[in-house]
Amino acid sequence: AEEDSELYTKNYSLPGDGRKTQRQKSRGVSSQYEKARKEFNDELLSLARFFTKDYEIFTKAVPKKLVPDYHKFVSNPMFLKKIQDKCVKQHYDSKESFMTDIRAIAKAAHDYNDNPDAVYKNPDIAPYADRLVEFANGEISSNANLNVKLHHLNAAADGGDDEDGAGADAGGGAGAGGDADAGAGGGAGAGAGAGVAASAPQLPPTQL
């Protein structure tokens, strides 16, 4: 009888023994990752909304009625509202993926306004878009909350515990997300970024 009992307790997981099945573990990791991704994108959403304060001209898509030839020169239109919508849909999983879309705003501005055949081009728009990229890069590189959220996201993606090291990432600033600095060409600091926004020129109410 003792030998029979051993067969059922020594090598097998019985109901109520406190062990998690692989499926339960997977569900836990998935739930943790989804939460971390949402929190990371929520933080990016706050930044994208903040950018519209000084760069309102890039908030919405260029109206076709105002600039009918725009899509002849711009194959991938990008604007801050579209980026905000992508944040809501939890599209981003890194600072660099977010900055790629910010830089797409500047690329579109150059594609149209640097083209001699563009009818409604404005020479002030493309440099202004470059300032947005510089400002955005400085903001996300120095944002402590964003660095913490990114650490949590990366830890959840690896299926590990995200408690250790989160404070270090927050204090380190670019340490948790240096990819944004590299992607945007070295990046400006938070102070320089703020200066960019403060000195932004007044432009006509047509976003290109």
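This is a predicted model: local features need pLDDT of at least 70, side-chain atom pairs count only at pLDDT 80 or more; totals for chains, interfaces and linings use all residues.
Side chains of opposite charge can pair when their charged atoms come close. A search covering the whole structure identified six salt bridges. Three of these pairings, in helices α2, α4 and α5, are described below.

In helix α2, which spans residues 22-54, Lys 38 and Asp 42 stand four residues apart, so that about one helical turn separates them. Their side chains meet in a salt bridge, with a distance of 2.9 Å from N to O. Lys 38 is partly exposed, its relative accessible area being 41%. Asp 42 is likewise classed as partly exposed, at 31% relative accessibility.

Helix α4, formed by residues 80-88, contains Lys 81 and Asp 85. A salt bridge joins Lys 81 to Asp 85, and their closest N and O atoms lie 2.8 Å apart. Because the two residues are four positions apart in this helix, about one helical turn lies between Lys 81 and Asp 85. The relative accessibility of Lys 81 is 36%, which places this residue in the partly exposed class. Asp 85, at 33%, also counts as partly exposed.

In helix α5, comprising residues 95-113, Lys 107 and Asp 111 are four residues apart, about one turn of the helix. Asp 111 forms a salt bridge with Lys 107, in which the closest N and O atoms are separated by 2.8 Å.

Technical notes
Residues are numbered from 1 along each chain as its sequence is written. Side-chain values use heavy atoms; hydrogens and water are left out. A salt bridge is a side-chain nitrogen of Lys or Arg within 4 Å of a carboxyl oxygen of Asp or Glu. Buried means under 20% relative accessible area, exposed over 50%, partly exposed in between (1.4 Å probe, protein chains only).
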